Amino acid sequence: MTATLGVPMKRKEDPRFIRGKGRYLDDIVLPNMLYLALVHSPYPHARIKSIDKSAALAVTGVKAVITGEDLNAAKLEWLPTFHGFDKQMVLAFGKVLYQYQEVAGVIAETREAAADAAELVEVEYEPLDPVVDPFESMKDAVILRDDREEKTNHIYHWEVGKRDETDAALAASPVRIKERIVAPRCHPAPLEPCGAIADMNTATGRLTVYLTSQAPHVHRTAFSLVTGIPEDKIHIISPDVGGGFGNKVPVYPGYVVATVASVILGIPVKWVESRTENLTTTGFARDYHMDVELGATTDGKLTALKVSTVADHGAFDAAADPRKYPAGMFGIVTGSYVFPAAFAQVDAYFTNKPPGGIAYRCSFRVTEAAYAIERAMDILASELKMDPVELRSLNFIKNEQFPFATPLGFVYDSGDYETTMRKALSLIGYDDLRKEQAEKRQRGDLMGIGVSTFTEVVGAGPGKHFDILGIKMFDSAEIRIHPTGAGIVRAGTRHQGQGHETTWAQIVGEELGLDPQDLLVEEGDTDTAPYGLGTYASRSTPVAGAALALAARRVREKARKIAAHLLEASEDDVEWKDYKFSLKGVPGKAVTMKEVAFAAYTNPAPDSEPGLEATYYYDPPNMTFPFGTYVAVVDIDRETGAVDVRRFLAVDDCGTIINPMIVEGQVHGGLTEGYAIAFMQEIKYDEAGNNLNTNFTEYLVPTALESPSWETARTVTPSPHHPLGAKGVGESPNVGSPQAFVNAVMDALSPLGVRHIDMPLTREKVWQAIRGATA
Amino acid sequence: MNLQFSGNEVISRSKTDVWNFVNDSNSVAPCLPDVIDYQIKDEHHFDATVGVAVGPVRGKFKFKIEIDPQSDGEHVNLNISGGALGSVVDVAADADITGDTTSTALDWNATASVRGPVATVGGRVLQTQAQRIIGATFSNIKTQLSNRTTAS
């Protein structure tokens, strides 16, 4: 037996995926199953005057048409949002509050009949003036939510840090910069859209729901709260999931309507949304408008940071942020730097846009924060006429300062920022690139180098701080070792491409000296997996990964008793060494875990119960804080505004690595997403509240043709509080890369006097900036 | 999404003939391009089903049309509202009718308010398509009137 941790083992799940044997939601067909199609509002803001179902009900095969009034009568008209601050309509009643809001559901024998009949549901609207700009919303000229007692569009004010101290420090700073930095609304657009099959067994009274879910147990609890069905009567199964990125965390109206229909009809009902439905109604990301102020001394030492943010939450506050932190972990905005004073505040507003604000790798506003500070650092460097790398180095939190308490409340676990940055600069050839740039600028060429030295926060979370629906954000693992030494490993997480079937087996294999190939990993079934909070926000390895390691160690402790029995020795004389139990001081006298497993069922120790299994619920003592240095090199065509990302290097430090090949894959995927956010993607609305990006011709997803060729490297700074030292990596490339791209473009345009352009940096925007600067 | 259009047609018919034509549902309804079916409600109101193809959005749109003649005898408003496939289109058109016994000018303006999937494709093809549809309506009015002229 050799080490399994840190080995680039091929993914156990891939053979079934690449052979087309994955089982996604839409692959599931149940006997007599019906289909649900939803009717959506074309108006972003309108009163519903009437809904006429008659033509739809006359379509052959249609079984039912459900409206908001029907749900109202059944007291199922509202969904609770995860943090409990707000509630969300299932189907609109009274008013529609955003374009494409769900207004009715048609259930029919075929998907086609349901879609055709949905077209025939006649809804009479009285259009109202829409509010699509949060800065207009804050004026309260139109109050969007009639249902709330508070007659204002303001949702919450949240702040952290010391306002007066920060204001004073900024006022006293010899150098100050202030910039409005916008993280525009975007969408994760998973290749598989959301869907559900609700199957109410009227004989047993048990509801089975197949669901595209990143958090099946939380969904079970939410379904129970919404429907009133006891939780033991609800079985959630999350089959293979084709990408999530936070989009598959919330409960969506389609899930509830399919469930209501199945409960009423006693027949399975399937709902699978279209691409347009996915882009227009499900959890978006960002929409943060951040005013960032930095203060510094003339030699570049940071003195203060202040960030004031206006957040556009859409029609309902349906973000999945924990109760205590309505703006999530935005406090990470101090980044990798020492600030003597800092203050951040967020004010959120309703608008006539869909709710969400939780998705696209980093539901907790870490991406927005990292973007703000890393852009601001470059703007400050420009103001100081300093190399942005040297400004960062001057202000890094130093190794000896860890654990480091930031002025905004986080305690960073570990870091070695200088080493990681210097490795990146060396690998990319930073000094040579700067020389090349200087030569090109002499010729008028636009070449830019952008650096991002980000720190992020993942692994939600300590239960004392973070919850969903009041449930502490722990996670769980259960390990059962069979007599032959094979086993089954279950966790409260649910992978959507992260490779848990491999990495979880590697963790348990490492801890128990068993072959990961012999360990079956199972997630996503609430009847069998232990309760967990799910997979999102890079929390799986920091939380469930720790639970797995600690559950395995519990198994090992029991195994030690059995090993002592087999070795006819005292437990104290048995040690776990080189992946087997050995008798101290007696070379060659040892038993393997496989032998122990067999004995656990055939020859257990006299004072222990048979079997070999354990469960662990892990509540982490702190978050983990992965970091990295990313460098982008771009060339810009002056005539067209086209940006060519010539090179991109990502040096990540995510602590101990379970499987470097999977980490590499995670980084490649996240960088491609970051590239898309920086250059391509935005969910835009016109002044009338029309969503202008409702399909893949208008909302662009990069292919291999557009994506740069990624270069990657790693440093390893283990987390001191994680049992394996792991920190998590899924979100790092998405968190760390957009600002590297933007910094590179701004660096290229800096000779023209261009200071900032908001993402996405489309050719048109860049071309206009060049034209504006040279006109 | 609000779109604005305008156009002009010169018709070799008297102002009275043009005025009478545009104030008659039976005359105007067939002038809608790609009209599949229509039902006349009264002299100034009719419903029409029109085949619409705007980029990837293709289907039968159902419209309610109101002809609203102004008392000055030189101005007529045309209000069109309807939609399909989750889209809503409202068009407010007006035409100034000036001329004499042999020639009449039809100067028209239209504002279209578009919501839903049709609006999504707006930035690319909607302006052109909407201009074509509305322009064709007035062009067809001219053709129909001209044909009557020829026939008479």
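Which residues is Val745(A) in contact with, leaving aside its neighbours within four places in sequence? They are Gly448(A), Val634(A), Ile636(A), Val643(A), Leu761(A) and Val766(A). Contact is scored on C-beta atoms placed from the backbone, which must lie within 7 Å.

The views below show a predicted model, in which local features need pLDDT of at least 70, side-chain atom pairs count only at pLDDT 80 or more, and totals for chains, interfaces and linings use all residues. Residues are numbered from 1 along each chain as its sequence is written, while chains are lettered from A and ligands numbered from 1 in the order in which they are written.

**View 1. The largest nonpolar core.** This core has 289 residues. Leu36(A), Val106(A), Val508(A), Leu548(A) and Val745(A) have the most contacts inside it. Helix H15 of chain A (residues 540–567) gives the most to this core, with 13 residues. A nonpolar core here is a set of buried Ala, Val, Leu, Ile, Met, Phe, Trp, Tyr and Cys residues, joined through C-beta atoms within 7 Å. A residue is buried if 20 or more other C-beta atoms lie within 10 Å of its own, exposed if 12 or fewer, and partly exposed in between. Helices (H or I, at least four residues) and strands (E, at least two) are DSSP runs, numbered from the N terminus.

**View 2. The four-stranded sheet S20-S30-S31-S32 of chain A.** The sheet is open and its pairing is mixed. Two strands pair if DSSP finds at least two bridges between them. S20 and strand S32 (710–714) of chain A are the edge strands, each pairing on one side only. Neighbouring strands are turned by 15° against each other on average, direction ignored. Helix H19 of chain A (residues 738–749) packs on the sheet and touches S20, S30 and S31 of chain A. The direction of H19 makes about 145° with that of S20(A). Axes are lines fitted to C-alpha atoms, for helices over the stretch in contact, and angles run from 0 to 180 degrees between N-to-C directions.

**View 3. Strand S30 of chain A and its two partners.** S30(A) spans residues 627–636 and is mostly covered, with nine of its 10 residues buried. Strand S20 (residues 446–455) of chain A runs antiparallel to S30(A), joined by 10 bridges. Across this pairing, Thr453(A) stands opposite Thr629(A). Gly450(A) has Ala632(A) as its bridge partner in S30(A). Strand S31 (residues 643–653) of chain A also runs antiparallel to S30(A), again through 10 bridges. Here Tyr630(A) is partnered by Ala650(A) in S31(A). S30(A) and S31(A) form a hairpin with six residues between them. Gly641(A), in the turn, has a positive phi of about 80°.

**View 4. The five-stranded sheet S9-S17-S16-S15-S10 of chain A.** This sheet is open, with mixed pairing. Its edge strands are S9 (154–161) and S10 (175–183) of chain A, and each pairs on one side only. Neighbouring strands are turned by 10° against each other on average, direction ignored. Nine bridges link strand S16 (residues 302–312) to strand S17 (residues 341–349) of chain A, and the two run parallel. Val310(A) stands opposite Asp347(A) in S17(A).

**View 5. Helices H10 and H11 of chain A.** The axes of H10(A) (residues 366–384) and H11(A) (residues 388–395) come within 9 Å and cross at roughly 110°. The two helices are therefore roughly perpendicular to each other. Angles of 65 to 115 degrees count as roughly perpendicular, under 35 as roughly parallel, over 145 as roughly antiparallel and the rest as oblique. From H10(A), Met377(A), Asp378(A), Leu380(A), Ala381(A) and Leu384(A) meet Pro388(A), Leu391(A) and Arg392(A) in H11(A). The residues of this contact divide into six nonpolar, no polar and two charged. Ala, Val, Leu, Ile, Met, Phe, Trp, Tyr, Cys and Pro count as nonpolar, Asp, Glu, Lys and Arg as charged, and the others, Gly among them, as polar.

**View 6. The side of chain B that touches chain A.** 15 residues of chain B are in contact with 15 residues of chain A. H3(B) gives the most to this side of chain B, with three residues. The residues of this side divide into six nonpolar, eight polar and one charged.

**View 7. Gly59 of chain B.** Gly59(B) lies in strand S4 (residues 57–69) of chain B. Gly59(B) is partly exposed because 18 other C-beta atoms lie within 10 Å. Leaving aside neighbours within four places in sequence, Gly59(B) is in contact with Val52(B), Ala84(B) and Leu85(B).

Definitions and conventions. Contact = placed C-beta atoms within 7 Å.
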